[in-house]
Amino acid sequence: MSDAGATCANRIHRELLDDGQLLHVTLDLGKGNIIDLAAIVELRSLAQEHLGATGLKAIVLDHAGSHFSFGAAVEDHLPGQVEEMLPQFHCLAKELLAIDRPILAVVNGQCLGAGLEIALLADRIFSSPSARFGQPEIKLGVFAPLASLLLPQRIGKHKAVELLLSGNSINAGKARRLGLVDELAIDPLAAALHWGRENLLAKSATAIRLATHAGRLGWSRRFSRDLDRLEQLYLGELMSTHDAVEGITAFLERRDPVWQQG
């Protein structure tokens, strides 16, 4: 299957398939694929490396283990750490989109929080029937900036707000009905590779790059601008509140949060 030996930079594996036309990226971050600051920095390096790639026609975003991701490392959301983590995460999102190639996400198991936010960057999400999707940030007294922009675009405002405010997760069948998932498959990686090979490999890499750029043009600048505003809201207003720090601290201390009234 591979035309080049797989390489591993720490915990992010990358492999070029089909003469370099498909980039297979695998998150291998340990139990639950928790996305910490080090993983974000590593993914940014990978994205920057492929910004000027020639011949590349798609990125297949996969994961090791049973779960796509339980989300971001909660401790990275504490004051003194979130000020670095969140801008890095948002830069990663912008840089992945700036590669201007279709992103195909492969999801098994839990796809939560920052994990779902990364999956939402994909043009197509391929999911196993047993997968689950959710944005539980509200339960910690915070919100998900990336998902606040990408979920409404993908499934509509009202369904997105329901997920963002409840913090509940949904099964793959409901995610498919909502349009969050594009294809259900027992082997979602095989399905993603098949889709890429059937739909992209015979086409011009230049045309795919420019068509992807054109397809994102109507919202990408607005997305970048609005993400910067939400980042400021999160760091400048949300993190100055009692409840944001309390929710994160309570989770780490394995206790119920005590919210302020107001």
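Hi everyone, let's start with helix H5, residues 157-166, where Ala160, Leu163 and Leu164 are buried. Buried here means under 20% relative accessible area and exposed means over 50%, with partly exposed in between, using a 1.4 Å probe and protein chains only. Those three residues span an arc of only 95° around the axis, so they sit on the same side of H5; the arc is taken from the directions from the helix axis to the C-beta atoms. The face turned away from that buried side carries the exposed residues His158 and Leu165. Helices and strands, by the way, are DSSP runs numbered from the N terminus: H or I with at least four residues for helices, E with at least two for strands.

A quick word on what we are looking at: this is a predicted model, in which local features need pLDDT of at least 70 and side-chain atom pairs count only at pLDDT 80 or more, while totals for chains, interfaces and linings use all residues. Residues are numbered from 1 along each chain as its sequence is written, and side-chain values use heavy atoms, with hydrogens and water left out.

Back to H5. What covers its buried residues? The cover includes helix H4 (145-155) and strand S9 (169-171), where contact means heavy atoms within 4.5 Å. After H5 comes glycine 167, with a positive phi near 75°.

H4 has its own buried set: Pro145, Leu146, Ala147, Leu150, Leu151 and Ile155. These pack against H2, H3, H5, helix H6 (172-178) and H8. H4, too, is followed by a glycine with positive phi, glycine 156, near 95°.

Now to the helix pairs. Two packed helices are described by the angle between their axes and the distance between the axes. In our case the axes are lines fitted to C-alpha atoms, for helices over the stretch in contact, and angles run from 0 to 180 degrees between N-to-C directions.

Take H4 with H8 to begin. Their axes come within 8 Å and cross at roughly 145°, and the crossing is right-handed. On handedness, a crossing is left-handed if the near helix is turned anticlockwise from the far one by less than a right angle, and right-handed if clockwise. The H4 side of the contact is Pro145, Leu146, Ser148, Leu149, Leu150 and Gln153, and the H8 side is Trp219, Phe223, Asp226, Leu227, Leu230 and Tyr234. By class that gives 9 nonpolar, 2 polar and 1 charged residues. Ala, Val, Leu, Ile, Met, Phe, Trp, Tyr, Cys and Pro count as nonpolar, Asp, Glu, Lys and Arg as charged, and the others, Gly among them, as polar.

H8, residues 205-236, also packs with H2, at an angle of about 175° and with the axes 11 Å apart. H2 and H8 are therefore roughly antiparallel; angles under 35 degrees count as roughly parallel, over 145 as roughly antiparallel, 65 to 115 as roughly perpendicular, and the rest as oblique. The residues of this contact divide into 10 nonpolar, 2 polar and 5 charged.

H2, residues 82-98, has another partner in H1, residues 37-49: the axes come within 9 Å and cross at roughly 25°. That makes H1 roughly parallel to H2, and the crossing is left-handed. Their contact has 10 nonpolar, 2 polar and 3 charged residues.

Let me finish with some single residues. Alanine 114 belongs to helix H3, residues 114-119, and is buried, at 7% relative accessible area. Setting aside residues up to four places away in sequence, alanine 114 touches Ile35, Gly71, Ala72, Phe89 and Glu137.

Serine 69 lies in the loop between strand S4 (58-63) and H2. Is serine 69 buried or exposed? Buried, with a relative accessible area of 0%. Beyond neighbours within four places in sequence, the contacts of serine 69 are Gly32, Asn33, Ile35, Gln110, Cys111, Leu112 and Gly115.

Asparagine 33 is in the loop between strand S3 (22-27) and H1. Most residues other than glycine have a negative phi. Asparagine 33 is not a glycine, yet has a positive phi of about 45°. Asparagine 33 counts as buried at 2% relative accessibility. Arginine 254, in the segment after helix H9 (242-252), also has a positive phi, near 60°. Arginine 254, however, counts as exposed at 80% relative accessibility.
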